[in-house]
Amino acid sequence: RDDDRAGRNRSSRRHEGKPERKRDRKSSKESRRRTKMDDSRERQQSEDIRSWLIPNIRVRVVTKKLGSKYFKEKGVVVDVTRGPCATLQLSSGQLLDRVPESYLETALPKVGGNAVILAGKSKLAKGKLLERNSDSGEGIIQIFEDMSVLSLSLDDLAEWVGPLDDDLMS
């Protein structure tokens, strides 16, 4: 017993003169909760930044998960929500809500049609598709704003069906 008391006394002596530190469990839990919320917000924002989905582009449904009648059906993105998900107006006139980006692919315009750039330095620039080469996966687009001509991956282009003066109206 004397050894036990001596051990306890030694440990209490070790902390003599030091302010007593109590661990506040509530604040540490709150801190972890805030950190998790911040992380999920950052992840959501980075997903939104990387997303190619924007309103007024034509897309094609590439999965049967929505139903086989929608498979390969084309539609226009009416709205983009978190996730990122889209609200589509199909060519039949029907609306599909909360369609995940992974269920869709961009549809390309015919040569001479309006297109928008979805990635890269010129993201969201609109122009006219001058050429498209499916073998090489490249398309040539002339930007309306400065009349420059760019060669881009077809994956970075989509048919633009919105107004061309959209930037001036904001």
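Modeller: Happy to! Two strands are taken as paired if DSSP finds at least two bridges between them. Please keep in mind that this is a predicted model.

Strands S8 (138-143) and S9 (149-153) run antiparallel and are joined by 5 bridges. Within that pairing, Ile-141 has Leu-150 in S9 as its bridge partner. The loop between S8 and S9 holds Met-147, whose phi is near 65 degrees, a positive value in a residue that is not glycine.

These two strands belong to an open sheet of 5 strands in the order S9-S8-S7-S6-S10, with antiparallel pairing. At the edges stand S9 and S10 (157-159), each pairing on one side only. Ignoring direction, neighbouring strands here are turned against each other by 45 degrees on average.

Moving along this sheet, we come to S6 (114-117) and S7 (126-133), an antiparallel pair with 3 bridges. Asn-114 finds its bridge partner in S7, at Lys-128. S6 also pairs with S10, again in the antiparallel sense and over 3 bridges; there Ala-115 is partnered by Glu-159 of S10.

The loop from S6 to S7 carries Lys-123. Lys-123 counts as partly exposed because its relative accessible area is 35%, and that class covers values between 20% and 50%. Another lysine, Lys-126, lies over the face of Trp-160, at 4.7 Å from the ring centre.

Now to another sheet. This open sheet of 5 strands is also antiparallel in its pairing, and its order is S4-S3-S2-S1-S5. S4 (95-100) and S5 (104-106) are its edge strands; each has a single partner strand, so one side of each is left without a neighbour in the sheet. From one strand to the next, the twist averages 45 degrees.

Inside this sheet, S2 and S3 pair antiparallel over 6 bridges, with Gly-75 opposite Leu-90 in S3. The loop linking S2 (74-81) to S3 (85-90) includes Pro-84, and the peptide bond from Gly-83 to Pro-84 is cis, with omega near -15 degrees. On to S4: S3 and S4 form an antiparallel pair with 4 bridges, in which Ala-86 stands opposite Val-99 of S4. The hairpin made by S3 and S4 has 4 residues between the strands, and Gly-93 in that hairpin takes a positive phi near 100 degrees.

Asn-56 sits in the loop between helix H2 (25-50) and strand S1 (58-61). Its phi is near 75 degrees, a positive value in a residue other than glycine. With a relative accessible area of 25%, Asn-56 is partly exposed.

What do the strands contribute to the packing? In soluble globular proteins, nonpolar side chains tend to be buried together. Here the largest nonpolar core has 18 residues, and the members touching the most others are Ile-57, Val-77, Leu-88, Leu-104 and Val-116. S1, S3 and S4 supply at least two residues each to this core, and S3 gives the most, with 3 residues. The core draws at least three residues from domain 1 (50-107) and at least three from domain 2 (108-163).

Finally, a word on the rings. How many aromatic pairs are there? The count comes to 0, where pairing requires ring centres within 6.5 Å. Lysine contacts with ring faces do occur, though: besides the Lys-126 and Trp-160 case, Lys-64 lies over the face of Phe-71, at 5.2 Å from the ring centre.

Key:
Residues are numbered from 1 along each chain as its sequence is written. This is a predicted model: local features need pLDDT of at least 70, side-chain atom pairs count only at pLDDT 80 or more; totals for chains, interfaces and linings use all residues. Side-chain values use heavy atoms; hydrogens and water are left out. Buried means under 20% relative accessible area, exposed over 50%, partly exposed in between (1.4 Å probe, protein chains only). Rings of Phe, Tyr and Trp (its six-membered ring) pair if their centres lie within 6.5 Å; planes under 30 degrees apart count as stacked, over 60 as edge-to-face and the rest as tilted. A charge sits over a ring if NZ of Lys or CZ of Arg is within 6 Å of the ring centre and within 35 degrees of the ring normal. Axes are lines fitted to C-alpha atoms, for helices over the stretch in contact, and angles run from 0 to 180 degrees between N-to-C directions. A nonpolar core is a set of buried Ala, Val, Leu, Ile, Met, Phe, Trp, Tyr and Cys residues joined through side-chain atoms within 4.5 Å. Domain bounds come from an automatic or database domain assignment.
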